[in-house]
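Dear colleague,

Please find the structure below, followed by some notes on what turned up when I went through it.

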Amino acid sequence: MAKYVIVGASAAGIGAIEAIRKIDPMGSISIITEEYCADYSRPMISDLVSGKADIQKMKCRADSFWTENKVDTRLSKKAVSIDLAEKTVALEDGEKISYEKLLLATGGKPFVPKIEGQEKDGVFTFTTMAEAQRLATKIDENQSKSAVVIGAGLIGISVTEALVKRGLKVTVVELKEKILSLLLDPKASEIVEAVIKKAGVNFATGQSVQKIVGKPDNENAVGGVVLTRGEYIPCDVVVVAVGVIPRTELVAGTSIKSNRGIIVDNFMQTNIPDVYASGDVAEAYDFILDQNRLLPLWPLAVLEGKVAGYNMAGKRTAYEGGTNMSSLKYFGIPIVSIGNANPKQDDTTLEKLVKLDAENNVYKKLVLKNNVIVGITLVNDIDRAGIFFNLMKKKVNVKRFKQELLSDDFSWAVLPVSLQRKMGVIQ
């Protein structure tokens, strides 16, 4: 029997291993992953496609990580079921692995809407190294010239930049009227879209792909797409980047409680003793919204994995919570979006502070509730993101210096001395 079994070898799984080994140097650890290469940075797969990084550069731990931490790695193995009574995990090949403590760090999988013609050669998703490699190979071997990306969220814009760097002409199709709509309000979205358009990218917003059609000489290969309004866009490649859904299939039919994701407490434990969940599959605490929800973010997955690992190894450790935190730089424009950055327009409990410098494509917005920052949007000027986030995290009442927050010279020095001491800025 393995003392610790972890299903999933990405951010949360790695975080858990490191935490377990700090408390328990000798307990046996087995990790199960469907992927042939475990410890790579998923946020970097666009760099693999663009040619900026190879597999070695994408690895977030040294190759010796697994042996140094005495981990039994089961690569290219799929876990198919859990027996909570027997405390075993069954693999697709029939093997059963017993556990004392189990962590489900299964992550997410691409959401792929049903589209006529999606089985054609040249249709890809964009969330794993294997799929990114397949896309890069397709571009190399077939000398692809144009692509349609379905979805203008984080994944969609990421793959778009990678394809542009490879010299492809890209059209992005987005069902919403604005790009990056989960992160940015309409004005911020408009600024970012204008920058990306200057790089030669076309956008078709407010509609979707109805059909993927074949080439005139090869019906089985992608030749173009037909949009909702009937427009035909020729292309060699289609990338579906609509979003990611948590991989909860392992808990289906068990007594482990799940909603959209697996429900956990502040110690990353499920409703079943000795069974934990972390990362993109877990509904963990959001300190801004004061509720548990899915937050599929790499840094939070690492942190949740560490909390789970400590608790599995016997060191009771509470998760303080995270929130939506996106820091990106695509097409040369840095963006930070944190917390409730794009709230519903009809929420009268919130106050918005906004500063726009259209000439320099700079946009800054803070969302306040009862004079406490609950949302941050920074476009093309992100220098004060750290200060704003610390004020948000510590729930500081900013009423006394609210009008200074978005000024160009705002800094820690603007804060009252008593608050600087409280925040640890000065002794």
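M129 sits in helix α5, which covers residues 129-142; helices here are DSSP runs of H or I with at least four residues, strands are runs of E with at least two, and both are numbered from the N terminus. The model is a predicted one, in which local features need pLDDT of at least 70 and side-chain atom pairs count only at pLDDT 80 or more, while totals for chains, interfaces and linings use all residues. Residues are numbered from 1 along each chain as its sequence is written, and side-chain values use heavy atoms, with hydrogens and water left out.

M129 is buried, with a relative accessible area of 0%, where buried means under 20%, exposed over 50% and partly exposed in between, using a 1.4 Å probe and protein chains only. Apart from neighbours within four places in sequence, M129 is in contact (heavy atoms within 4.5 Å) with E35, Y36, C37, Y40, I45, L48, I55 and M58.

In soluble globular proteins, nonpolar side chains tend to be buried together.

K70, in the loop between α4 (65-68) and β3 (71-74), has a phi near 55°, a positive value in a residue other than glycine, and is partly exposed, at 46% relative accessible area. S76, in the loop between β3 and β4 (79-83), also has a positive phi near 55° and is likewise partly exposed at 46%. Most residues other than glycine have a negative phi.

As for the whole protein, there are 10 helices and 25 strands, and buried residues make up 54% of the 427 residues. Along its principal axes the C-alpha trace spans about 75 × 65 × 40 Å. Among contacts between residues at least 6 apart in sequence, 59% join residues at least 24 apart.
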